[in-house]
Amino acid sequence: MPASSAPAPALPAEPPRRRLPRLPLPGLLGLAVILFWLATALFGPWLLSPEANAPGADEVFGRLGAAHPLGTDYLGRDILARLVLGAGYTVGVAIVATLLASAGGTALALLAAVRGGWADGTLSRLMDTLISIPSKLFALIMVAAFGSSVTLLALTAALIYVPGVFRIARSLAVNINAMDYVAVARSRGEGELYIMRHEILPNMLGPMLADLGLRFVYVVLLLAGLSFLGLGVQPPEADWGSLVRENLGGLPEGAPAVIVPALAIASLTIAVNLLIDNLPGRGER
Amino acid sequence: MSAAPPSSAPAQAAPGQGAAVAVRGLRIAAKGASGEHTIVHGLDFDIAPGEVLALIGESGSGKTTTALALMGYARQGCRIVGGSVRIGDIDVLGLDAAAQRRLRGRTVAYIAQSAAASFNPSRTLMDQVVEPALIHRLMSRDEAERRAVALFRELALPRPDSIGQRYPHQVSGGQLQRLMAAMALISDPALVILDEPTTALDVTTQIEVLRAFRRVVRERGTSAVYVTHDLAVVAQMADRILVLRHGAARELGDTRQIIEAPADDYTRSLLAAAHPAPRAGGPAADATATPLLSVRGLAAGYGPRGADGMPAVPILADIDLTVRRGQAIGVIGESGSGKTTLARVVAGLVAPARGEVLLDGALLPPTLARRSKDQLRRIQIVFQIADTALNPAHTVERILARPLQLYHGLSGAALQARIARLLDLVQLPSAVAGRLPGGLSGGQKQRINLARALAAEPDLILADEVTSALDTVVGAAVLDLMAELRRELGLSYLFISHDLNTVRAVCDEVVVLYAGRKVESVPRERAGVAEGMATGSAARHPYFDLLARSVPELRLGWLDETAAREAQQPAGARAAGCCVFLDRCPVRLAGVCDSLPPPRRSLPGGGEILCHRAEVPAARA
Amino acid sequence: MNALVLRLIAARIGLALVSLLLVSAVVFAITALLPGDAAEEKLGLEATAETLAALRHEMGLDRPALLRYGDWLAGMAGGDPGRSVVSGALVGQLIASRLPNSLLLAGLTAAISVPLALGLGIAAAMWRGSRFDRAVSMGAVAVVSVPEFLIATLAVLLFAVQLRWLPALAYTGPDAELAELARAYALPVFSLCCVIISQMLRMTRAAVVDQLRAPYIEMLRLKGASPLRMVLRHALPNALGPIANAVALSLSYLLGGVIIVETIFNYPGVAKLMVDGVTQRDMPLVQTCAMLFCAAYLLLVTVADVLGIVSNPKLRHR
């Protein structure tokens, strides 16, 4: 082809990209609740007075009231304060674990799909093994072996959900890897890294983000469950699961101290589900 | 068919006799991102009892939507919003759900394009063929089965007595399509709708299915609607033709009038695209120079290699091929013949098990990793389905920029200028540069696909079924473009297709693959049907002969003139390495073809053939 | 049943056994190799170099890891996983005394939840988009998103505390009357059912909907088939594999749910035993319970896969 010396016709300035589709109402609601809890976890602790978390002289298992909007716990502490402090653990640990699991699982899946053969076989076998240990059980084994700490909880939750992410990401990546545009890129002489990052990854981002949300829900539930068993975040610190556990004594009285943190967990997880189910491009299922 | 339905059947049009159909002001709407929009705009047409009406059009013309509306059915997301459909004295659109169920499969029957997907994989064929008769309580199961077997026989299905016991995955596509016809006809419907019933089939199978369909429809006197995009097929099947475009009627007339004296411009453009004119090639290739590409003794396949170095699933064996500079070589074969694998081996995507590939006389390394950047640049591959060949996450600009950066180190203004020039070269407005592939039409995508290959400034383009997924008119324009580029840029093509007409239109030489063997190669001049017959002395491989004579011709009466073939019984015992076409060959020689590998001979006037009977004119044995 | 199907089934079972072996290696690695030294732990602050070495030798901790793993595996396989570090009782006996309780709980839950979930899931798929479908699907999402302990505590709050219909603790003596037994089990079984029904229902619905979108269903509609015929005679047989998978996977959630529910209701099952073991870091007990749960999981998944193979017409009829 002769080199062109003709002046280039001006390219239009605005590329007509797809505009952001609007979220239906339930999706917006979910998004709002998620943002609310994120903000609580990030900024809530600054807004509390230092003595908010101290055992009070107030009534144990108090009802909702002006002094304690959400009642008091088994030591007479303010539930609102406990909830705000717990948000950091419940939301924070879950986010870290989910991001680790998603990033790790996706990276391994890309490697397995693009490299194929031996690497794929080994990785898939390993992940199949890990996936056949039920999640709560895996967590119990880890806690039994290493004792419980926030770091261990985050790493354990990440490790538990890597195989699940890997499975989904690998099946997506294998399908995309079989596309002709990947064959074109290969035959152009592109390296594996380019193919993973530029050809495959952008096209699996949508489903992987939805999966990220679901994993987050699983992680929140897993950590809450562990804390509920007394094997998660250890006292005096408490995430929402521990709050339910330590106030279980108030259950016969129907104390808000038990119900409120449990409802907080439910509101977070339901909100994430609402958001994912209403994301654009997810058809009727 | 003598059996009359029991008197308990609902009062419908008389059995075994076509019904009159009247469609008035039919409007159908589809839900889109921005609310409902009309996709069929007030159609009016009639079908006389026993008449076959063809609905012809390209994708998006609303032909299938219209045909389904005759059963009162609209697919998910679509809605019949107005008009009336009368079959006999039934007002189809006025029926309630239960009455619609009584209509469907009884008064009107449907034959779908993809038989493989339209059968339930987990029930026997007989179960499904007799189902309409049982649903509508027309006869007992025994009677229905007897009737089904009679239909199987009429439709020339092999082993009519036992084929019903098989499952859908156990029979071939052509057989499934005929079984679906049996399923439709078992209830003696007054109207049959055939929706692209042969489009998914190889041409050599298509001709037999067409023949069977036409016979049963004619003999029964059933009214029929034949939906297709293929004018040559329609010319054989229909009494009248309705040409549709964007959901509106363009022309309605007798088949002869539409084919021979079309009144509408759009009809004329369809006809022109269906008659592919030979595109002029470049200057004659220099036969003495080192060929651009030569393939020698190539064998390839998939799966792990065995002890002899051959892969577990061998696809290609003993392929020789030469492409000279400026030449276009067509590779033709049915699905599974190995033509795509050939392109992938040349491109380096599949390593050959044996043999070698030379570029300009220099040996090409078998795998991509060992080929140099320049070797990679000089061979570019263009895939069949532009949808999967363009990364949906990259803009057109980015798609075209990558090879320019990688091979030519372009950047900045020079890069932009070259992208604009490439778009110009494939006749696209420069405004598409910022678009994602999802926002382009099929033809535009295929042009981008081509432009990306051109960006590398290659010597050889491997074109794998580049027009097969396109509408005829759009595909013809892409072929024109490719011919023009070849002349202007001195490109060479290895042009792979299942469509003999396409290959003949653009290639200097046609290579015929069958079951992974190159059974024949002929210069373009001798690749036509008429040409082959006229030069009766020229030998022709029996498979190529069968293929050439199976391609429907765009004239009335072609199907009648083409003699029906005797169904070939598979040959018995055979020696390893014998002819691969043995089972289907009408002129095989016992004791020769089943025991010795066929010899490869050069033909006078150019070309080669792989056949024992090369000396026998294979036209009609 | 043909040779190919048998071969595939044999391969699947072989794969499950290999997985179980690999799982045992992972469990052993985490519990016995990584976290330092059981001898150190036992001696605590009193450890000196000599006593430590002596105890290590006595406990066999100075032998190569592979040998120790071999012994451990042989013990597991032979039904003698050793003694509890805490109580000194035989782990095998501890588990044997609790296993029937857990099996009863799981069995009751499965017997109630499987038919209910399949029925609801299939019905929701049949009338997909209807008000019934939306109600069922939303209920399922809500329950899936809620921690098991919330359901259990809410159930206790409602039925035991507010209404006083049912006792809050589950376990009754061995010779309780049937009515008493039913009352005692109602809450734990109810809580477990909630957890797994919603999972199973969603997956079943998805499997059937998937089939109902297939072109052969459109063909059936055009043959004049009734909706009931489409679902029962055509879609269901093809959805059998995915549904078996849904049931198996959901029942494996039972394994997780049982851990929480047994703890809340103070139910003397294997899961409660394991949680106690974890709290007291009783490794032999934890290891054995873990292997038991993993084996149960693999068994469920393998059975589902085998059903999937057997119900695949392309494999069954070659």
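Me: What makes residues 23-271 and 293-540 of chain B a "domain: ABC transporter"?
Reply: That label comes from an unreviewed UniProt entry; such annotations use the numbering here, with shortened feature names, and may be inferred rather than shown by experiment. Over residues 23-271, chain B is 37% helix and 27% strand, where helices (H or I, at least four residues) and strands (E, at least two) are DSSP runs numbered from the N terminus.

Me: Where does all this come from?
Reply: It's a predicted model, so local features need pLDDT of at least 70 and side-chain atom pairs 80 or more, while totals for chains, interfaces and linings use all residues. Residues count from 1 along each chain as written, chains are lettered from A and ligands numbered from 1 in written order, and side-chain values use heavy atoms, without hydrogens or water.

Me: Which residues of chain A does UniProt list as "transmembrane region"?
Reply: The unreviewed entry gives 27-48, 89-114, 212-234 and 254-276. Residues 89-114 are 100% helix, with end C-alpha atoms 37 Å apart; residues 212-234 are 74% helix, with ends 27 Å apart.

Me: Why is Leu25(A) called exposed?
Reply: Its relative accessibility is 67%, and exposed means over 50% (buried is under 20%, partly exposed in between; 1.4 Å probe, protein chains only). So Leu25(A) counts as exposed. Leu25(A) is in helix 1 (residues 25-47) of chain A.

Me: What does Trp240(A) touch, leaving out residues up to four places away in sequence?
Reply: Among them are Trp37(A), Leu83(A), Pro261(A) and Leu268(A), with contact meaning heavy atoms within 4.5 Å.
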